[in-house]
Amino acid sequence: MAAAVPGGARGRAAAALLLLLLLGCCGAAAAGGLQDQAEQFFRSGHTNNWAVLVCTSRFWFNYRHVANTLSVYRSVKRLGIPDSHIVLMLADDMACNPRNPKPATVFSHKNMELNVYGDDVEVDYRSYEVTVENFLRVLTGRIPPSTPRSKRLLSDDRSNILIYMTGHGGNGFLKFQDSEEITNVELADAFEQMWQKRRYNELLFIIDTCQGASMYERFYSPNIMALASSQVGEDSLSHQPDLGIGVHLMDRYTFYVLEFLEEIHPASQTNMNDLFQVCPKSLCVSTPGHRTDLFQRDPQNVLITDFFGSVRKVEITTEALSLDRDVAGFESKFPEEELATEPLKYAEQLPVAQIIHQKPKQKDWHPPGGFILGLWALIIMVFFKTYGIKHMKHVF
Amino acid sequence: MAAPLVLVVLAAVTVRAALYRSSLAVFIAERVEVASPLNAWKRVVEGLALLDLGVSPYSGAIFHETPLIIYLFHFLIEYAELVFMITDVLTAVALYLAIQDFNKVVFKKQKLLIELDKYAPDVAELIQTPMEMHYIPLKVALFYLLNPYTVMSCVAKSTCAINNSVIAFFILATIKGSAFLSAVFLALATYQSLYPLTLFAPALLYLLQRQFIPIKLKSKGFWLYTMQYASLYLCSLVVIICLSFFLLNSWDFIPSVYGFILSVPDLTPNIGLFWYFFAEMFEHFSLFFVCVFQINVFFYTIPLAIKLKEHPMFFMFVQLAIISIFKSYPTVGDIALYMAFLPVWSHLYRFLRNIFILSCVLIFCSFLFPVLWHLWIYAGSANSNFYYAITLTFNIGQILLISDYFYAFLRREYYLTHGLHLTRQDGTEAMLVLK
């Protein structure tokens with residue numbers, strides 16, 4: 001028995017060591033997990049989310065474009081972006097269209113399963129206000145001062161913006177209201193203006209039109225990710241018509257995106273790569289495309305809710321943090337200098353006195369002497385040929 | 001006859017002076033029917049201003065006038081209104097003198113044919129008498145000076161007036177029989193606007209007739225005279241073009257003037273037929289159609305020369321009309337020139353079949369031009385098709401007018417030789433148709 005006791009003590013010590021090791025590992029793992037979590041906290045640099053949802057077609061038979069836009073609106077609102085941060089532009093009113101057999105509704109699925117026009121849809125730009133000019137003004141912020149707040153995109157450099165556009169398009173353009181177009185170059189330039197004015201942190205651009213990929217071809221500003229429903233040369237097709245309403249209710253790409261988004265909730269960790277897989281060619285007939293070369297993060301690490309939702313990053317901590325102020329750094333960097341005392345004069349760029357007293361310019365050009373000589377010689381020759389030399393004696 | 005002419009001239013000058021001082025002058029000067037890219041006054045001023053700034057006026061697509069016009073207006077630009085009024089007066093006087101001489105020729109020829117018994121016995125009423133021919137020159141001058149088209153063209157200071165004046169002097173020189181002067185003036189007219197080239201044929205025919213050279217292709221005298229005249233014409237043309245080179249020391253004016261007339265790059269609407277057609281045409285066809293349209297102007301010369309070789313003045317009239325209808329940038333000033341000749345053929349009135357309809361068409365279209373222009377450009381409720389419809393109708397009216405006169409002329413000639421009451425072989429009355 002005396003031999004068992006030291007063995008037991010060694011066993012207990014080994015168990016304790018193992019436990020310690022395990023704990024250490026767990027601690028390390030836990031610490032690693034915390035590290036990851038901490039990293040994830042700072043993964044995306046945005047603090048607020050905006051959405052600009054544009055439907056550019058009017059007329060009853062373009063019902064599906066309004067339904068597309070309203071579906072995305074619904075998802076975005078459901079995932080947390082408030083109306084104050086959504087700029088919804090609908091070029092026509094389908095819900096109250098006289099041809100709508102179910103007034104005050106816009107359905108996105110046949111058999112009228114999902115009404116995307118509820119009681120709380122706030123349309124910011126309606127009907128004829130949806131123009132290329134207004135769209136570009138919203139994006140760039142160059143808006144007249146009388147514009148109400150709900151019609152402004154008040155984003156800053158920590159905003160992630162979702163821009164969804166749908167309508168009829170072609171290679172390099174998107175048609176607005178059947179009377180004007182916006183080109184891919186204009187759009188790219190508008191985004192560059194936004195970048196230079198620090199109006200976005202990251203931007204997700206989704207477009208569901210025919211030949212939609214042409215619209216994102218010309219982007220050149222950083223931090224833009226783009227998705228389109230079809231490549232150049234392909235048409236985006238609509239989903240199914242509803243025989244009760246009489247028109248196609250949705251486009252295929254947005255229909256499958258909506259199905260995908262219905263499964264997202266604010267805490268989802270689904271990332272962008274899954275969104276790229278939505279609607280393969282077998283379902284969509286067209287080939288959806290995407291562009292991520294301007295985006296600095298890996299799409300794997302970009303959450304859907306980074307753009308479609310408004311997830312606030314909240315970390316509850318019980319620690320107290322002390323914020324030191326570097327007093328020395330706050331010293332005035334500007335020693336008191338003597339300001340210039342003499343008032344600055346407007347430079348005399350325009351010599352008004354000289355202009356008033358300017359004499360009229362002389363005509364500088366004169367016909368060359370040879371020409372005048374030749375011409376008058378010819379005229380005199382013709383004269384004398386006609387009337388004969390004998391008349392010369394009357395001259396002299 | 002001098003006094004009534006002076007009166008007419010005074011009246012015309014008064015009308016023009018009054019219009020110059022009124023506010024209508026600016027309105028008329030801007031009208032596309034009166035000022036085309038070739039002869040607008042605005043462009044002349046622009047070209048001279050460019051020259052003062054040291055830039056060649058032909059360097060842009062603004063200025064399409066010839067260097068001689070530059071020279072003329074370099075010194076006379078302050079007296080532009082006076083220059084254009086004097087030009088109109090000179091044209092009218094030249095036409096007056098020309099038609100006076102022409103009447104003498106017509107009368108002489110008529111007398112000769114009567115004495116040679118070439119006319120049928122019952123055509124006494126068709127023969128022109130000196131009494132009725134007495135007032136024709138005055139009427140011609142009147143028609144030219146007081147024609148609203150001419151007045152508008154003068155008020156707009158369109159250089160078409162200068163072209164008309166040169167052509168009028170050419171006609172005067174041809175009728176007087178001076179081949180040299182005729183060739184010189186024809187060269188000047190061609191130098192300015194290229195299309196009077198087609199007037200070479202009627203002038204040649206007239207001069208041959210005057211020299212009593214029969215127009216037979218095998219005759220040596222015919223070819224000798226033709227060669228003489230042609231060489232006079234070509235030499236003077238070459239001399240004038242070479243002289244123009246020395247004005248600006250460059251050949252820039254050739255593509256700017258002749259290249260512009262022939263290739264019709266400027267599609268500003270006017271009363272012609274080119275602009276609409278080329279505005280809607282695909283580029284790879286435009287060369288072909290430019291050639292077709294330009295050939296159309298020159299094409300009628302040979303057939304008309306064959307048909308009207310005994311009547312070169314009528315041929316000249318028809319050719320002038322064809323030029324003003326089918327040229328690339330016509331204006332109402334061109335129309336005014338051939339309309340001035342209508343009194344010369346007033347004896348054909350009884351044979352004109354559609355004169356009422358045609359005069360109505362021409363008058364209505366002239367009024368509709370500014371209306372539809374306003375509707376198209378200012379009100380926005382019409383489009384270019386409307387304006388082109390009026391252009392087409394106007395040109396159709398002109399073409400039918402000319403063909404009506406052509407028909408009437410040939411019919412009268414036929415009646416003169418075959419008698420007024422035509423009968424078929426079985427004795428019933430026959431009707432003459434133009435096939």
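Predicted model: local features only at pLDDT ≥ 70, side-chain atom pairs only at ≥ 80, totals over all residues.
How many aromatic pairs does a search of the whole structure find over all chains? The search finds 55.

**Aromatic pairs in chain B**

Two of the pairs are set out below.

| Pair | Geometry | Centre to centre | Angle between planes |
|---|---|---|---|
| F102(B) and W345(B) | edge-to-face | 6.2 Å | 70° |
| F369(B) and F394(B) | edge-to-face | 5.2 Å | 80° |

F102(B) belongs to helix 5 (residues 80-115) of chain B, while W345(B) sits in the loop between helix 18 (332-339) and helix 19 (355-379) of that chain, so their contact ties together parts that are 243 residues apart in sequence. F102(B) and W345(B) are both buried.

**Charges over rings**

Aromatic rings in the model also meet charged side chains. In chain A, R58(A) lies over the face of Y128(A), at 3.9 Å from the ring centre. In chain B, R353(B) lies over the face of Y407(B), and here the distance to the ring centre is 4.6 Å.

**A nonpolar surface patch**

Which residues form a nonpolar patch on the surface? The patch is formed by V15(B), L142(B), F143(B) and L146(B), which together have about 290 Å² of accessible area. One of these residues, L142(B), is found in helix 7 (residues 136-145) of chain B. L142(B) counts as partly exposed because its relative accessibility is 32%, a value that falls between the limits of 20% for buried and 50% for exposed.

**Annotated spans of chain B**

An unreviewed UniProt entry places the feature "transmembrane region" at several spans of chain B, including residues 68-99, 166-187, 230-251 and 385-407. Two of the annotated spans may be described in the model. Residues 166-187 of chain B are 91% helix and 0% strand, and the end C-alpha atoms of this span lie 10 Å apart. Residues 230-251 of chain B are 86% helix and 0% strand, with end C-alpha atoms 24 Å apart.

Notes:
Residues numbered from 1 in each chain as written. Chains lettered and ligands numbered in written order. Heavy atoms only, no water. Patch = residues over 30% accessible without salt bridge, like charges linked within 9 Å, V, L, I, M, F, W, Y side chains within 5 Å. Areas by Shrake-Rupley, 256 points an atom, 1.4 Å probe, with all protein chains shown as cover. Salt bridge = Lys/Arg side-chain N within 4 Å of Asp/Glu carboxyl O. Helix = DSSP H or I, 4+ residues; strand = E, 2+ residues; numbered from the N terminus. Buried < 20%, exposed > 50% of the residue type's maximum accessible area, 1.4 Å probe, protein only. UniProt positions renumbered as here; feature names shortened; annotations may be inferred. Phe/Tyr/Trp six-rings, centres within 6.5 Å; stacked < 30°, edge-to-face > 60°. Lys NZ or Arg CZ within 6 Å of the ring centre and 35° of its normal.
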